[in-house]
Amino acid sequence: MAGIYLHIPFCKKACHYCNFHFSTSLQLRGEMVECIAAEAVLQRSYLQGQPVGTVYFGGGTPSLIGPEAIQRLLDVLRQHYDILPDAEITLEANPDDLSPESLRAFRATGVNRLSIGVQSFFEEDLKWMNRAHHAEQSIDCLKEARAAGFDNFSIDLIYGGPTLTDERWQANIRQAVALDIPHLSCYALTVEPGTALDHFIQHHKIPPIDPDRAAKHFGILMEALETAGYEHYEISNFALPGKRSKHNSSYWQGKHYLGLGPSAHSFNGISRQWNIANNPLYIQSIKKETVPFEIEMLSPSMALNEHIMISLRTEAGCQLETVAARFGADKRSALLAASREFIRKGWMRQDDDRLTLTREGKFFADGIAAALFF
């Protein structure tokens with residue numbers, strides 16, 4: 001099965017840490033929705049008729065465009081793609097955009113999963129991040145989401161920030177567990193070039209982010225959620241049994257997906273392409289019935305390195321038989337040989353024909369993967 005991702009490039013505010021493509025002006029909202037719908041028609045052959053098992057509205061803040069726009073886009077997808085009856089349809093949302101009425105309306109469109117940008121249950125953290133919502137709105141909207149019929153939803157939490165003490169991070173985790181959140185995506189605060197956070201640090205308005213704090217928080221997170229019965233199925237993702245994200249899992253499994261909207265990425269197994277990250281230029285191009293994208297053909301070594309990187313981030317790990325079948329037996333042997341040092345350190349484990357990271361190794365996931373690249 002394939003997936004479809006739709007990038008909705010609008011937000012109420014610019015969070016200090018965010019480097020995703022978005023605009024805080026909603027002036028082009030109506031035109032953008034129609035152009036994304038038009039791109040869906042222009043790109044209808046990209047997935048070559050594969051059934052679509054997941055649809056994901058990301059951004060940006062997709063909940064900001066409202067249920068009618070989401071319905072419009074889903075209607076177009078259902079008309080031109082083979083959307084499976086039980087497809088997972090996820091909507092990213094912020095707590096301040098959700099109410100009992102809007103939740104019921106989103107549910108009526110066919111959206112059956114929410115990804116809610118909570119980030120923290122503490123007001124001080126939210127203000128520091130420049131989030132648009134308040135702490136109490138998060139708890140209210142999560143309860144309202146369940147009351148509206150959503151039994152499959154996720155929240156985002158950010159750790160490692162200067163306002164987040166160990167005790168407050170533990171309290172964030174306890175709150176999520178107490179609310180019986182089915183899925184958590186938890187990310188270390190990173191400094192991306194060009195963001196407000198980067199500017200503040202460069203101009204000494206705030207101190208640099210402490211990597212030791214983030215590492216400690218990651219350790220606290222893994223232990224607490226394992227105790228609470230969550231499956232740590234990808235470095236940043238934890239789920240109660242049966243509540244893993246099917247859409248994000250398809251990325252890590254190398255399945256094909258189509259990205260619609262400005263800055264959206266697509267992958268068909270042999271190449272990767274990405275749309276222009278400029279709202280006016282995207283709209284101008286789509287109105288001329290041209291999709292504005294760049295493309296990169298994947299060499300065998302690029303494809304192998306990507307497979308190593310994404311598979312090692314998951315609980316399933318890197319299957320050596322798969323490496324041999326796709327890239328050659330010599331690559332399997334070379335990968336296993338390069339892994340032995342990390343196995344000796346206790347950062348990796350070999351179980352039959354599978355390589356996985358240990359809990360200790362998860363702290364060094366990116367560095368280990370890079371060291372194994374061909």
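A salt bridge is counted here when a side-chain nitrogen of Lys or Arg lies within 4 Å of a carboxyl oxygen of Asp or Glu. The structure is a predicted model, and the exercises below work through some of its contacts.

**Exercise 1. Salt bridges**

Solution: As for accessibility, Arg 78 is partly exposed at 37%, and Asp 75 is partly exposed at 39%.

**Exercise 2. A bridge between a helix and a strand**

Task: Say which elements are linked by the pair Glu 306 and Arg 272, and decide whether Arg 272 is buried or exposed.

Solution: The two side chains meet in a salt bridge of 2.3 Å, N to O. Glu 306 is part of helix H11 (residues 300-312) and Arg 272 is part of strand S11 (residues 271-275), so that this pair links distant parts of the chain, 34 residues apart. Buried means a relative accessible area under 20%; Arg 272, with 13%, is therefore buried, whereas Glu 306, at 22%, counts as partly exposed.

**Exercise 3. The two contacts of Arg 168**

Task: Which residue forms a salt bridge with Arg 168, and over the face of which ring does Arg 168 lie?

Solution: The salt bridge is formed by Glu 124, the closest N and O atoms being 3.1 Å apart. Because Glu 124 lies in helix H4 (residues 123-129) and Arg 168 in helix H6, the pair ties together parts that are 44 residues apart in sequence. Glu 124 itself is partly exposed, with a relative accessible area of 44%. Arg 168 also lies over the face of Phe 122, at 5.0 Å from the ring centre.

**Exercise 4. A tilted pair of rings**

Task: Explain why the rings of Tyr 159 and Trp 169 count as a tilted pair, and name the cluster to which these residues belong.

Solution: The model has 9 aromatic pairs. The ring centres of Tyr 159 and Trp 169 are 5.3 Å apart and the planes stand at 45°, so the pair is tilted, given that planes under 30 degrees apart count as stacked and those over 60 as edge-to-face. Tyr 159 sits in strand S5 (residues 153-159) and Trp 169 in helix H6 (residues 166-178), so the contact ties together parts that are 10 residues apart in sequence. Tyr 159 is buried, at 7% relative accessibility, and Trp 169 is buried too, at 0%. Ring pairs link Tyr 159 and Trp 169 with Phe 218 and Phe 363 into a cluster.

**Exercise 5. A hairpin and an open sheet**

Task: State how strands S7 and S8 pair, and give the order of the strands in the sheet that contains S15.

Solution: S7 (residues 231-234) and S8 (residues 237-239) pair in the antiparallel sense over 3 bridges, with Glu 234 opposite Asn 237 in S8, and a hairpin of 2 residues joins S7 to S8. The open sheet has 3 strands in the order S13-S15-S14, with antiparallel pairing. Its edge strands are S13 (318-319) and S14 (348-351), each of which pairs on one side only. S14 is joined to S15 (residues 354-357) by 4 bridges, and Asp 351 stands opposite Arg 354 in S15.

Terms used
Residues numbered from 1 in each chain as written. Predicted model: local features only at pLDDT ≥ 70, side-chain atom pairs only at ≥ 80, totals over all residues. Heavy atoms only, no water. Phe/Tyr/Trp six-rings, centres within 6.5 Å; stacked < 30°, edge-to-face > 60°. Buried < 20%, exposed > 50% of the residue type's maximum accessible area, 1.4 Å probe, protein only. Lys NZ or Arg CZ within 6 Å of the ring centre and 35° of its normal. Pairing = 2+ DSSP bridges.
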